[in-house]
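Please look over the sequence and the structure shown below before reading on. The paragraphs that follow lead from the inside of the model to its outline and then to single residues.

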Amino acid sequence: MSRADEERIRQELLHSREFIAQAELARRCELKHRSTIKRMLERLDAGGFALEWDERKWVRLDRSKYLLDLKLSEDE
């Protein structure tokens, strides 16, 4: 499991707002086995990359776990 593969998965999840099937995620990241994706997703989740799963076992980034620190001026 390479860091480059892990980074591709992160980028796909960051760009997608909808749940995505593991097989589709593997295809988009050019990985051959869905089991590889499953292991990588479990590793990302355990490492603090907040993921959420639906009843079909599709995955997406759980954006509610991330706070946006936005600094605006009084005029903005």
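Which residues of the largest nonpolar core touch the most other members? In this predicted model, the residues that do so are I9, L13, L25, L31, I37, L41 and V59, out of the 15 residues that form the core. At least two core residues come from each of four elements, namely α1 (3-15), α2 (22-28), α3 (34-46) and β2 (59-61). Among the contributors, α3 gives the most, with four residues. In soluble globular proteins, nonpolar side chains tend to be buried together.

Leaving aside residues up to four places away in sequence, I9 touches L25, C29, L31, I37, M40, L41 and L44. Along the sequence M40 and I9 are 31 residues apart, while in space their C-alpha atoms are 8.3 Å apart.

Taken along the principal axes, the box that the C-alpha atoms fill is roughly 50 × 30 × 20 Å.

A pair of residues gives an example of a separation within this outline. S73, which lies in the segment after β2, is 22 residues from L51 in sequence, and the C-alpha atoms of S73 and L51 are 33 Å apart in space. The relative accessible area of S73 is 41%, and S73 is therefore partly exposed, a class that lies between under 20% and over 50%.

Some totals describe the protein as a whole. Among the contacts with a separation of 6 or more, 49% are accounted for by residues 24 or more positions apart. As for charge, the protein has 17 positive and 17 negative side chains, and the centres of these two sets lie 8 Å apart.

Is Q22 buried or exposed? Q22, placed in helix α2, counts as buried because its relative accessibility is 12%, and the limit for buried is under 20%. Not counting residues up to four places away in sequence, Q22 touches R34, I37, K38, L41, W53 and K57. S16 has its place in the loop between α1 and α2, and with a relative accessibility of 16% it likewise falls under 20% and therefore counts as buried. The residues that S16 touches, again without those up to four places away in sequence, are R28 and R63.

The loops also hold residues whose backbone angles deserve a look. Most residues other than glycine have a negative phi. In E30, however, phi is near 60 degrees, a positive value in a residue other than glycine. E30 lies in the loop between α2 and α3, and because its relative accessibility is 66%, where exposed means over 50%, it counts as exposed. K57, which is one of the residues that Q22 touches, has a phi near 75 degrees, and this too is a positive value in a residue other than glycine. The position of K57 is in the loop between β1 (51-53) and β2, and at 55% relative accessibility K57 is over the 50% limit and so counts as exposed.

Definitions and conventions: Residues are numbered from 1 along each chain as its sequence is written. This is a predicted model: local features need pLDDT of at least 70, side-chain atom pairs count only at pLDDT 80 or more; totals for chains, interfaces and linings use all residues. Side-chain values use heavy atoms; hydrogens and water are left out. A nonpolar core is a set of buried Ala, Val, Leu, Ile, Met, Phe, Trp, Tyr and Cys residues joined through side-chain atoms within 4.5 Å. Buried means under 20% relative accessible area, exposed over 50%, partly exposed in between (1.4 Å probe, protein chains only). Contact means heavy atoms within 4.5 Å. Lys and Arg count as positive and Asp and Glu as negative; His and the chain ends are not counted. The place of a charge is taken as NZ of Lys, CZ of Arg, CG of Asp or CD of Glu.
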